[in-house]
Amino acid sequence: MAVTPQTNTTLNEIAEALLKHDRICICGHVSPDGDCIGSQLALRCALAQLGKEVVVLLASADKLGVSFEFLPGFEELIPAASFEGTCDVFVQVDVPNARRLGEDASKIRQSASLTITIDHHAVDERETHLSYTDPDAASTSMLVWETIKHLGVDLTKDIATCAYTGLMTDTGRFQYQNADLRAFRAACEMVEAGADPAFISAEFFQRATLASIQLEAAAISNMRFICDGCVALSFITQDEMKRAGAVKSDCEQLINTLRSIDGVKVAAMLRDEGKQVRGSFRSKDTTDVSAIAKRFGGGGHKAAAGFTLYEPLDKAVRMVEKALCQVFCEGNN
Ligand SMILES: [Mn+2]
């Protein structure tokens with residue numbers, strides 16, 4: 001199959017393709033989140049029920065936070081860089097493009113005779129043989145859940161737990177604008193199938209590392225307000241990471257702290273990684289932060305987006321500040 005479709009296939013067609021093959025790799029995006037890992041492991045559980053040989057890959061080698069440990073199949077996740085086998089089918093979930101897939105997983109993708117995308121990020125171009133993207137879906141795990149229904153397997157508690165985790169995290173615990181009727185209906189089905197909301201929430205959100213709390217203190221002390229308090233901007237230096245003994249996953253909640261402040265419409269968080277600065281935006285009104293992230297070569301969703309700047313931290317902070325000012329103070333979206 002050489003032709004890459006420019007339109008959506010159906011989830012049924014994806015399910016049928018999966019049923020026909022035996023060696024399947026499932027991969028998510030670099031810096032994985034709950035939706036990415038939840039989607040991967042939900043699909044893994046379903047395909048394992050069918051006796052398929054399934055490999056679940058991590059796009060990057062970074063160690064996952066403890067929040068993911070409760071997920072059924074967590075111990076099966078292996079970094080793409082250390083996978084030496086091949087596969088018939090490569091399924092990417094929650095991944096819009098090769099850049100978010102990373103180099104190691106992209107190489108494995110190239111070796112597969114059939115490639116599939118299940119995702120809810122809006123994309124201009126599709127990179128796999130079969131592709132189903134629905135930007136209106138609150139989470140990729142909802143789409144994976146639908147796909148699994150077409151596989152004709154039992155919707156087990158394990159599958160439901162993984163899928164619910166993706167939905168819960170991508171809707172910010174059902175708080176964001178994407179927490180719509182369809183998301184709640186899917187959540188109902190998952191709970192009906194055995195997902196335990198209180199348990200999943202406690203496992204995922206009540207296991208903050210001490211390092212992440214120390215970084216929160218640093219982020220708050222580095223925070224500045226711009227555009228009459230509409231925007232909270234902060235950063236974490238390499239030194240602060242080192243002092244806290246922090247890893248990447250310790251930074252994930254920082255931006256939510258900034259956004260939660262009264263009057264803040266958009267939060268911006270930058271992390272110095274040495275060679276580059278990794279940035280993220282979150283909005284809590286209708287501001288489309290993916291449009292701002294695109295200016296820096298990044299992307300994402302309307303309410304959550306990210307980008308990478310190959311500049312020193314202080315310069316990156318100034319660039320981001322300027323872009324946000326243009327949007328908010330000068331109304332230049
Ligand atoms: Mn997602």
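## Basis of the description

In this report a residue is called buried when its relative accessible area is under 20%, exposed when that area is over 50%, and partly exposed in between, using a 1.4 Å probe and protein chains only. The structure is a predicted model, in which local features need pLDDT of at least 70 and side-chain atom pairs count only at pLDDT 80 or more, while totals for chains, interfaces and linings use all residues. Residues are numbered from 1 along each chain as its sequence is written, and side-chain values use heavy atoms, with hydrogens and water left out.

## Two domains

The domain assignment of the protein chain gives domain 1, residues 11–205, and domain 2, residues 210–328; such bounds come from an automatic or database domain assignment. Taken over C-alpha atoms, the centres of the two domains are separated by 26 Å. Where they meet, 11 residues of domain 1 are in contact with 11 residues of domain 2, contact meaning heavy atoms within 4.5 Å.

## Nonpolar cores

A nonpolar core is understood here as a set of buried Ala, Val, Leu, Ile, Met, Phe, Trp, Tyr and Cys residues joined through side-chain atoms within 4.5 Å. The largest such core has 57 residues, and Leu-18 and Ile-116 are those with the most contacts inside it. Leaving aside neighbours within four places in sequence, Leu-18 is in contact with Ile-116 itself, and also with Ile-24, Leu-43, Leu-47, Lys-52, Val-89, Val-91, Thr-147 and Leu-151. A second, separate core of 26 residues includes Cys-227, Ala-268, Phe-307 and Val-327.

Leu-215 is found in helix α9, residues 210–222, where helices (H or I, at least four residues) and strands (E, at least two) are DSSP runs numbered from the N terminus. With a relative accessible area of 0%, Leu-215 is buried. Its contacts, again leaving aside neighbours within four places in sequence, are Ile-236, Glu-240, Met-241, Ala-244, Ala-246, Asp-250, Cys-251 and Leu-254. For one of these, Met-241, the C-alpha to C-alpha distance to Leu-215 is 7.2 Å, although the two are 26 residues apart in sequence.

## The pocket between the domains

Pockets and cavities are found on a 1 Å grid over the protein atoms alone: a cavity is a set of points where a 1.4 Å probe fits but cannot get out, a pocket is an open set with protein on both sides within 12 Å along at least five of seven lines, and lining residues have an atom within 4 Å of a point. Grid points are joined across faces, edges and corners, and a volume is the space filled by probe spheres set on the points.

The second largest pocket has a volume of about 490 Å³ and is lined by 20 residues, of which Val-30, Arg-99, Arg-278, Thr-308 and Tyr-310 lie nearest its centre. Helices α3 (98–101) and α4 (103–111) and strand β12 (304–309) are the elements that give two or more residues to this lining, and the largest share, three residues, comes from α3. Because domain 1 and domain 2 both give residues to the lining, the second largest pocket lies between them. The lining divides into six nonpolar, six polar and eight charged residues, with Ala, Val, Leu, Ile, Met, Phe, Trp, Tyr, Cys and Pro counted as nonpolar, Asp, Glu, Lys and Arg as charged, and the others, Gly among them, as polar.

## An enclosed cavity

A search of the whole structure finds one cavity of 30 Å³ or more, and the volume of the largest cavity is about 50 Å³. The residues that line it are Gln-92, Val-95, Pro-96, Thr-117, Val-123, Glu-125, Arg-126, Glu-127, Ser-131 and Thr-133, which divide into three nonpolar, four polar and three charged.

## Selected loop residues

Ser-31, in the loop between β1 (23–27) and α2 (34–49), has a phi near 50°, a positive value in a residue other than glycine, and is partly exposed at a relative accessible area of 31%. Phe-174, in the loop between α6 (157–170) and α7 (181–192), likewise has a positive phi, about 65°, without being a glycine, but Phe-174 counts as buried at 18% relative accessibility. Not counting residues up to four places away in sequence, Phe-174 touches Tyr-164, Leu-167, Met-168, Ala-179, Ala-183, Phe-184 and Ala-187.

Ser-139 lies in the loop between β6 (130–133) and α5 (140–151) and counts as buried at 0% relative accessibility. Leaving aside neighbours within four places in sequence, Ser-139 is in contact with Asp-35, His-120, Gly-166, Leu-167 and Asp-170.
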